[in-house]
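Take a look at the model shown here. The paragraphs after it lead you through its parts, step by step.

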Amino acid sequence: MDLAQSPDPIRSRPSVPLPVKIVVAGGFGVGKTTTVGAISDIAPLTTEAEMTEAALGIDNLGVESQKTTTTVAMDFGCVTIDQSLKLYLFGTPGQSRFGFMWDDLAHGALGALVVVDSNRLDDCYPAIDYFEHTGLPFIVGVNAFHGQLTHELTEIRWALAISDQIPVVRFDARERTSVRDALLVLLGTALNRALGEPSG
Amino acid sequence: MPDGRIRPYLRALVPVERFGGPAPTAAVTADPAITRVPRPFVLTSGRVTGTDPTIRLETQVTARYSGQRWDSPELSRLPSEMRNIVLLCAEPFSVAEIAAQLRLQLGVTKVLVGDLRAAGYLDVHVRNSADPSTPDVIQRVIDGLSAIT
């Protein structure tokens with residue numbers, strides 16, 4: 001076989017989109033996958049990541065920790081904004097022991113939507129701690145299961161001890177437009193941040 | 001290139017790429033030692049760290065050559081997992097999508113993608129600027145999402 005028969009480099013390659021991403025974080029069963037699926041162009045995909053698990057929290061860096069290996073499933077979807085821009089939504093487990101996984105997820109992300117079940121607020125503390133620490137724009141989305149909230153948003157804000165600058169919104173993870181609106185609140189926060197810090 | 005050493009099962013395309021030599025022939029692929037392909041964790045030689053940190057979940061990957069088929073001579077030496085990646089990436093796909101579609105673990109996928117890039121099979125479209133969160137990009141996402149009903 002000579003070189004003339006080799007495959008030609010692609011000349012009219014389909015344009016490669018710029019990928020951007022939003023992290024959808026929260027504890028198990030709070031509706032992360034539902035959120036992703038409601039807005040995604042495609043049915044949510046699942047992939048597994050095998051990772052080293054620090055037995056202690058990510059903030060306890062000074063302490064020698066036992067490390068084991070575990071496998072974490074991650075669901076994600078995407079929204080094709082246009083031919084040159086594709087938005088990925090990564091739903092990730094919110095436990096602090098997976099904090100190192102968030103580094104890969106959060107790097108270069110536009111922001112994070114922390115999904116909260118108002119009955120189980122504790123589940124989202126590690127995610128909020130992480131995003132506050134890294135400075136990634138985030139909002140809290142309280143998933144109204146069956147249209148019901150067990151606490152008022154102001155009570156939830158107080159319980160989460162987050163600053164007034166962090167939006168807390170109520171949304172329904174099953175509703176496409178509701179998820180859209182929550183993401184738009186997040187992106188508004190991200191836009192303000194980007195405009196305020198042009199050098200970043 | 002982050003990985004200067006090309007794994008033996010990836011060497012098929014390298015002479016063509018680097019030295020202009022002949023492409024591998026069918027006789028090469030008839031070697032029974034090559035047809036017994038290793039499985040993913042063996043393919044990565046247990047590597048899960050030390051991969052190119054610029055290869056991220058959302059990083060777009062495309063095949064360098066068009067029109068390749070399952071039995072193309074350039075692909076026939078590859079283990080099936082790697083061949084599947086090259087074939088899938090006839091269109092742009094993210095690392096996460098490759099992992100999900102081919103049921104490979106993310107870490108394994110990153111390693112294989114990095115190896116296939118080093119061997120000249122794939123283009124990995126790493127962003128030049130570290131942070132895409134510019135006002136312009138964010139505004140385009142806002143406009144795109146706002147159009148969803």
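**Helices, confidence and the interface**

H6 covers residues 80-88 of chain B, and H8 covers residues 106-118 of chain B. Their axes come within 11 Å and cross at roughly 75°. Axes are lines fitted to C-alpha atoms, for helices over the stretch in contact, and angles run from 0 to 180 degrees between N-to-C directions. Helices (H or I, at least four residues) and strands (E, at least two) are DSSP runs, numbered from the N terminus.

Now look at the side of H6(B) that faces H8(B). B:Met82, B:Ile85 and B:Val86 of H6(B) meet B:Leu112, B:Val113, B:Asp115 and B:Leu116 of H8(B). Contact means heavy atoms within 4.5 Å. By class, this contact has 6 nonpolar, no polar and 1 charged residues. Ala, Val, Leu, Ile, Met, Phe, Trp, Tyr, Cys and Pro count as nonpolar, Asp, Glu, Lys and Arg as charged, and the others, Gly among them, as polar.

This is a predicted model: local features need pLDDT of at least 70, side-chain atom pairs count only at pLDDT 80 or more, and totals for chains, interfaces and linings use all residues. Residues are numbered from 1 along each chain as its sequence is written, chains are lettered from A and ligands numbered from 1 in the order in which they are written, and side-chain values use heavy atoms, with hydrogens and water left out.

Next comes chain A. The axes of H1(A), residues 32-39, and H5(A), residues 176-196, come within 8 Å and cross at roughly 100°. H1(A) and H5(A) are therefore roughly perpendicular to each other. A:Thr35, A:Ala38 and A:Ile39 of H1(A) make the contact with A:Arg176, A:Val179, A:Arg180 and A:Leu183 of H5(A). By class, there are 4 nonpolar, 1 polar and 2 charged residues.

How confident is the predictor? pLDDT is its confidence in each residue, from 0 to 100. Chain A has a mean pLDDT of 81, and 75% of its residues reach 70 or more. Within chain A, confidence is highest in H5(A), at 96, and lowest in strand E2 (residues 45-54), at a mean of 70. Chain B has a mean of 76, with 64% of its residues at 70 or more. Over residues 14-38 of chain B, pLDDT stays under 50. For the complex, the predictor gives an ipTM of 0.83 and a pTM of 0.79.

Finally, see where the chains meet. 50 residues of chain B are in contact with 55 residues of chain A. Together the chains bury about 4400 Å², 66% of it on carbon and sulfur atoms. Buried area is the accessible area (1.4 Å probe) that two parts lose on being put together, summed over both. In chain B, B:Arg140, B:Leu145 and B:Ile148 lose the most area to chain A.

Side chains of opposite charge can pair when their charged atoms come close. A salt bridge is a side-chain nitrogen of Lys or Arg within 4 Å of a carboxyl oxygen of Asp or Glu. There are 3 salt bridges between chain B and chain A. A:Lys21 forms a salt bridge with B:Glu58, with the closest N and O atoms 3.1 Å apart. A:Asp82 forms a salt bridge with B:Arg140, at 3.4 Å between the closest N and O atoms.

Key
pLDDT is the predictor's confidence in each residue, from 0 to 100. Angles under 35 degrees count as roughly parallel, over 145 as roughly antiparallel, 65 to 115 as roughly perpendicular and the rest as oblique.
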